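Subject: Structure for your review

Dear colleague,

Please find the structure below, together with its sequence.

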Amino acid sequence: MKTMKNRMGIGSPERNETDTYERGMKIVPECIAATENEIPVKQYNIAILRNLLRFERAEGRLQVTNKRVIFRAAGTSVRGRTSLQQEYAIDEVAGIEARNNYKFNFLYLLFALAIMYLAYSIIFQSGMTRQIMNPRHVQLSRERERDAIQYRNAAERAVPVAEAKLRPAQEAVTNAERDARDGIQRTRRIERGRDWMGNMLYDTQRYRDTSESAMAEAQANLATAIREKEYVEREIEQAKANLENALLAETEAVRRRDRTEKTWATLMTLFGLAIGIGCLIPFFAMYKKFGLKLFFLCFSIAGFQLSHVASRAEIFYLFLGISVITTIVCVFIFCFRPNLVINILNKMGSTAAIDIRRENQVSMAFEKGLGFMEVIPTEESESAIRELGAIINDIQKLGDLGLAKWVVK
């Protein structure tokens, strides 16, 4: 990595060869030169300094010697190593102002919104979410139900169509029976004279033809009419049988569709409940990592929503409310970041000798901090706050006796 930085021209080769954060190193004499007869007393790894948007990070240390109070932060940025140093003569220190609290950070509100956007993008923009209550097997059951309904409608329409053919067929048989008994009804023209212009006039006469050939024709017509009537009757019976089968198929399709939807709704209710509770637990069980907790909580809300949509049970409004309130609390906790302020005052009463605080973009010039948007306390910060004033006071008033009390062997 160091070789790659040297090739790319990030930082400087001589600085890239040393530890970026100067971990385990004493400020005096390993990082800066000691003055004459200067003795290091105690050093604290006091703060972590970050600028997330500028990809800067440094680790701050505070050291007290018998002559100076020194704050030094070493770290890295996009362009290479960074360092920051403040020091002041210990005899000129008048007091210490220290705060280890939490401050709202607007940048982390943007991060929280980005985390939620990412989570809901995964939830709602994936094909799984849009189809989770409408999977392929449920769609197939609904399609089969629609097909069964269409088949039943067609069967219902076929019955009256078939029945409408029966009356003409019956009339044809009746007429054919009469023809077979009385002879085939025919028509003929009979001359009845001429008109005044000499044209022949005719009358139409109906009669029954009882000749042997006509009676044979009548018998054939009767047989044909009877066959057609029987065919119509079979068609009606088949249409009614088809309708009965269609009704049974529709009933079965409706039952299967209802069973499929209920089974899938039950599974999705349980699945959503498992997701909701499972993604709610990390908020209470996981140590810190509120960004990750917020990400999980978005899935918890989605899980309870899924259970509510699947079951329509009002109880899931309660779970949704708990999840939403927990998410809001998590957002606030995520946005309130640890904030360390150590202000070492000088006897002149002017600007602080050493001012360890975050940069505040809306503050006045005299409140300007270290140039980092976050100053995060470490495990040793609280010890430094408790001991720093006593160390400086003992050295100022007791001299070598005070030095002997605090110096680390």
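The model contains an open sheet of three strands in the order S5-S8-S9, with antiparallel pairing (two strands pair if DSSP finds at least two bridges between them; strands are DSSP runs of E with at least two residues, helices runs of H or I with at least four, both numbered from the N terminus). Its edge strands, each pairing on one side only, are S5 (93–104) and S9 (354–356). Direction ignored, neighbouring strands of this sheet are turned by 10° against each other on average.

Please note that this is a predicted model, in which local features need pLDDT of at least 70 and side-chain atom pairs count only at pLDDT 80 or more, while totals for chains, interfaces and linings use all residues. Residues are numbered from 1 along each chain as its sequence is written, and side-chain values use heavy atoms, with hydrogens and water left out.

Within the sheet, S5 and S8 (residues 336–346) run antiparallel and are joined by eleven bridges; Asn-100 has Leu-340 of S8 as its bridge partner. Helix H10 (residues 315–335) packs on the sheet, where it touches S5 and S8, and its direction makes about 25° with that of S8 (axes are lines fitted to C-alpha atoms, for helices over the stretch in contact, and angles run from 0 to 180 degrees between N-to-C directions; contact means heavy atoms within 4.5 Å). Helix H11 (residues 381–398) also lies across S5 and S8, running at about 175° to S5.

A further antiparallel pair consists of S3 (residues 68–77) and S4 (residues 80–89), joined by ten bridges. A hairpin connects S3 to S4 through two residues, and Phe-71 has Gln-86 in S4 as its bridge partner.

Turning to helix packing, H7 (residues 166–182) and H8 (residues 212–285) pack at an angle of about 160°, their axes being 8 Å apart. H7 is therefore roughly antiparallel to H8 (the term applies to angles over 145 degrees). The residues in contact include Leu-166 and Val-173 of H7 and Leu-222 and Ile-236 of H8. By class, this contact of H7 with H8 has 13 nonpolar, three polar and five charged residues (Ala, Val, Leu, Ile, Met, Phe, Trp, Tyr, Cys and Pro count as nonpolar, Asp, Glu, Lys and Arg as charged, and the others, Gly among them, as polar).

Finally, 29 salt bridges were found in the whole structure (a side-chain nitrogen of Lys or Arg within 4 Å of a carboxyl oxygen of Asp or Glu). One of them joins Glu-145 to Arg-257, with the closest N and O atoms 3.0 Å apart. This pair links distant parts of the chain, Glu-145 in H6 (residues 136–164) and Arg-257 in H8, 112 residues apart.

Kind regards

Technical notes:
Angles under 35 degrees count as roughly parallel, over 145 as roughly antiparallel, 65 to 115 as roughly perpendicular and the rest as oblique.
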